[in-house]
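Please read this briefing with the sequence and the 3D structure side by side.

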Amino acid sequence: MVGVVIVAHGSFASALLTTAEQIAGKQEQVVSLDFTMGENTADLQLRIREAVRGVDTGQGTIIFVDLLGGSPYQAAAIVAMQQPGIEMVSGVNVPMLLEILPARNDKLMNVTSAALNGGHDGIRNFDIMK
């Protein structure tokens with residue numbers, strides 16, 4: 001099973017996981033890491049490494065981050081570059097998580113692709129005039 005680590009500013013990572021589990025049920029091999037005010041990226045990087053070790057079952061891990069270029073992104077990117085079997089996706093959202101949670105027994109590359117598709121497809125404009 002592909003492991004999942006969600007990393008975001010404030011309490012967004014915890015809120016995303018809570019929301020996804022409210023819809024899809026309790027998930028194994030998924031953790032959230034909140035990046036709080038006053039924490040530094042070196043400490044976050046260590047927490048990400050530990051989280052990856054905890055969720056990786058040998059099929060790889062996806063690290064989801066909230067913001068391209070933000071501190072969680074930077075810390076996760078360092079971990080992903082130094083460790084094989086890790087994919088990283090920015091712009092995490094609920095549709096993205098819901099798309100991959102039931103599909104995590106597939107190959108890491110396929111799960112990553114599903115995350116990108118689910119995240120993109122979950123963004124729509126509602127036009128009440130049509």
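The expected span of a helix is taken as 1.5 Å times one less than its number of residues, while helices (H or I, at least four residues) and strands (E, at least two) are DSSP runs numbered from the N terminus. This is a predicted model, in which local features need pLDDT of at least 70 and side-chain atom pairs count only at pLDDT 80 or more, whereas totals for chains, interfaces and linings use all residues. Residues are numbered from 1 along each chain as its sequence is written, and side-chain values use heavy atoms, with hydrogens and water left out.

- The buried residues of helix 2 are Leu44, Gln45, Ile48, Arg49, Ala51, Val52 and Val55, where buried means under 20% relative accessible area, exposed means over 50%, and partly exposed lies in between (1.4 Å probe, protein chains only).
- Seen down the axis of helix 2, these buried residues fall within an arc of 165°, so they line one face of the helix; the arc is that of the directions from the helix axis to the C-beta atoms.
- On the other side of helix 2, the residues Leu46, Glu50, Arg53 and Gly54 are exposed.
- The cover over the buried residues of helix 2 includes strand 1, strand 2 (30–35), strand 3, helix 3 and strand 4, with contact meaning heavy atoms within 4.5 Å.
- At the N-terminal end, helix 2 is capped by Asn40, which has a side-chain oxygen 3.1 Å from the backbone nitrogen of Ala42.

**Strands and their crossovers**

- Strand 3, which covers residues 61–65, is mostly covered, with five of its five residues buried.
- In a regular strand the side chains alternate between the two faces of the sheet.
- Strand 3 pairs with strand 1 (residues 3–9) in the parallel sense over five bridges, and two strands are said to pair if DSSP finds at least two bridges between them.
- Five bridges also join strand 3 to strand 4 (residues 86–90), and these two strands run parallel.
- Ile62 stands opposite Val4, and Ile62 also stands opposite Glu87 in strand 4.
- Strand 1 and strand 2 pair in the parallel sense over six bridges, with Val5 standing opposite Val31 in strand 2.
- A right-handed β-α-β unit is made by strand 1, helix 1 (residues 12–24) and strand 2, and another is made by strand 3, helix 3 (residues 71–82) and strand 4; a crossover is right-handed if, with the strands pointing away from the viewer, the path from the first strand over the helix to the second runs clockwise.

**Leu33 in strand 2**

- Leu33 has its place in strand 2 and, at 12% relative accessibility, counts as buried.
- Not counting residues up to four places away in sequence, Leu33 touches Val5, Ile6, Val7, Ala8, Ala13, Arg47, Ile48 and Ala51.
- Leu33 and Glu50 are 17 residues apart along the chain, and their C-alpha atoms are separated by 11 Å.

**Helix 5 and Asn110**

- Helix 5 (residues 108–121) has 14 residues that should span 20 Å at 1.5 Å a residue, and its end C-alpha atoms are 20 Å apart, which agrees.
- The buried residues of helix 5 are Leu108, Val111, Thr112, Ala114, Ala115, Gly118 and Gly119.
- Seen down the axis of helix 5, its buried residues fall within an arc of 160°, so they line one face of the helix.
- On the other side of helix 5, Met109 and His120 are exposed, and what covers the buried residues of helix 5 includes strand 3, strand 4 and helix 4.
- Asn110 lies in helix 5 and, at 37% relative accessibility, counts as partly exposed.
- The side chain of Asn110 makes a polar contact with the side chain of Asp106 (3.0 Å); a polar contact is a pair of N or O atoms within 3.5 Å, where within protein one must be able to donate a hydrogen and the other to accept it, and residues adjacent in sequence count only if both atoms are side-chain atoms.

**Asn93 in a loop**

- Asn93 is placed in the loop between strand 4 and helix 4 (94–100), and Asn93 is buried, with a relative accessible area of 16%.
- A polar atom of the Asn93 side chain lies 2.8 Å from the backbone nitrogen of Met96, and a polar atom of that side chain lies 3.4 Å from the backbone oxygen of Gly119.
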